[in-house]
Amino acid sequence: MFWATRIGSMLLAIGGCFLIEKVAMQQNAFIQLLFILAGLYVTLSVSLTLINGIPGQFSIGHAAFYMMGAYSTGVVARNFYTASHLPMLAWLVVAMFAGAIVAGAAGFLVGLPSLRLKGDYLAIVTMGFGEIISIVVRNQEKLGRAYGMQIEPRLPSIFMVWLLAVVCVAVCRNLLKNVHGLSFLAVREDGVASSAVGVD
């Protein structure tokens with residue numbers, strides 16, 4: 001019964017993503033852009049819950065990690081897509097993983113020295129990192145400066161955007177149901193008491 005429910009949920013989610021794409025592709029380019037932005041903002045807000053909502057750590061550098069992942073994906077796509085000869089969906093998965101690795105590495109580099117910070121101090125560090133990244137990117141000619149990066153050919157996939165959003169929602173929900181999620185909630189409720197009972 002457990003696996004039947006899980007497999008049914010996954011198939012329903014994938015079908016929902018296909019339905020969203022089918023509805024969006026019947027609209028004009030502006031409405032399609034709104035569908036894509038809505039899916040991206042679902043991903044951003046749910047992933048922000050993973051650090052601000054569940055463990056209660058006040059981080060405001062979320063957009064900087066998003067920016068690093070997005071720009072690194074754009075650089076990979078601009079430089080290697082034509083030579084790769086991969087199908088569009090396969091290439092989008094490769095580029096997405098490239099952006100995730102860069103954003104994860106940046107999060108690790110910022111998070112490692114910030115492990116002992118909390119509250120306002122963590123917010124200041126993450127805000128400073130976000131401002132540094134924003135200033136650096138806006139002054140790089142290869143990244144398009146303040147106008148943003150121009151990438152050709154563009155490979156829009158509303159299905160992939162919404163599938164990523166569904167995966168983020170599923171990961172956050174499942175995290176709350178296991179031992180790591182309970183540790184996060186304990187840290188949010190009382191950091192001193194949670195450390196006293198062995199939560200790192």
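Mentor: Helices (H or I, at least four residues) and strands (E, at least two) are DSSP runs, numbered from the N terminus. Here the protein reads α-α-α-α-α-α-α-α along its sequence, with eight helices and zero strands. The model is predicted, so local features need pLDDT of at least 70 and side-chain atom pairs count only at pLDDT 80 or more, while totals for chains, interfaces and linings use all residues. Residues are numbered from 1 along each chain as its sequence is written, and side-chain values use heavy atoms, with hydrogens and water left out.

Trainee: What box do the C-alpha atoms of the protein fill?

Mentor: Taken along the principal axes, the box is roughly 55 × 55 × 30 Å.

Trainee: How much of the protein is buried?

Mentor: Buried means under 20% relative accessible area, exposed means over 50%, and partly exposed lies in between (1.4 Å probe, protein chains only). Of the 200 residues in the protein, 25% are buried.

Trainee: Which residues of helix 4 are buried, and what covers them?

Mentor: The buried residues of helix 4 are Trp91, Leu92, Ala95, Gly99, Ala103, Ala106 and Val110. Their cover includes helix 3 (62–84), helix 5 (120–138) and helix 6. Contact means heavy atoms within 4.5 Å. Among contacts in the protein with a separation of 6 or more, 72% are between residues 24 or more positions apart.

Trainee: How far does helix 4 reach from its first C-alpha to its last?

Mentor: The expected span of a helix is 1.5 Å times one less than its number of residues. Helix 4 (residues 88–111) has 24 residues and reaches 34 Å, close to the 34 Å expected at 1.5 Å a residue.

Trainee: Which side chains meet in a salt bridge?

Mentor: Side chains of opposite charge can pair when their charged atoms come close. A salt bridge is a side-chain nitrogen of Lys or Arg within 4 Å of a carboxyl oxygen of Asp or Glu. The structure holds one salt bridge, between the side chains of Glu141 and Arg145 (4.0 Å, N to O). Glu141 is exposed, with a relative accessible area of 64%, and Arg145 is partly exposed, at 39%.

Trainee: What lines the second largest pocket?

Mentor: On a 1 Å grid over the protein atoms alone, a pocket is an open set of points with protein on both sides within 12 Å along at least five of seven lines, and lining residues have an atom within 4 Å of a point. The lining of the second largest pocket includes Trp3, Arg6, Met10, Leu163, Val167 and Arg173. Helix 1 (2–25) and helix 6 (158–176) each supply at least two residues of this lining.

Key: 1 Å grid on protein atoms, 1.4 Å probe; cavity = no way out; pocket = protein on both sides within 12 Å on 5 of 7 lines; lining within 4 Å.
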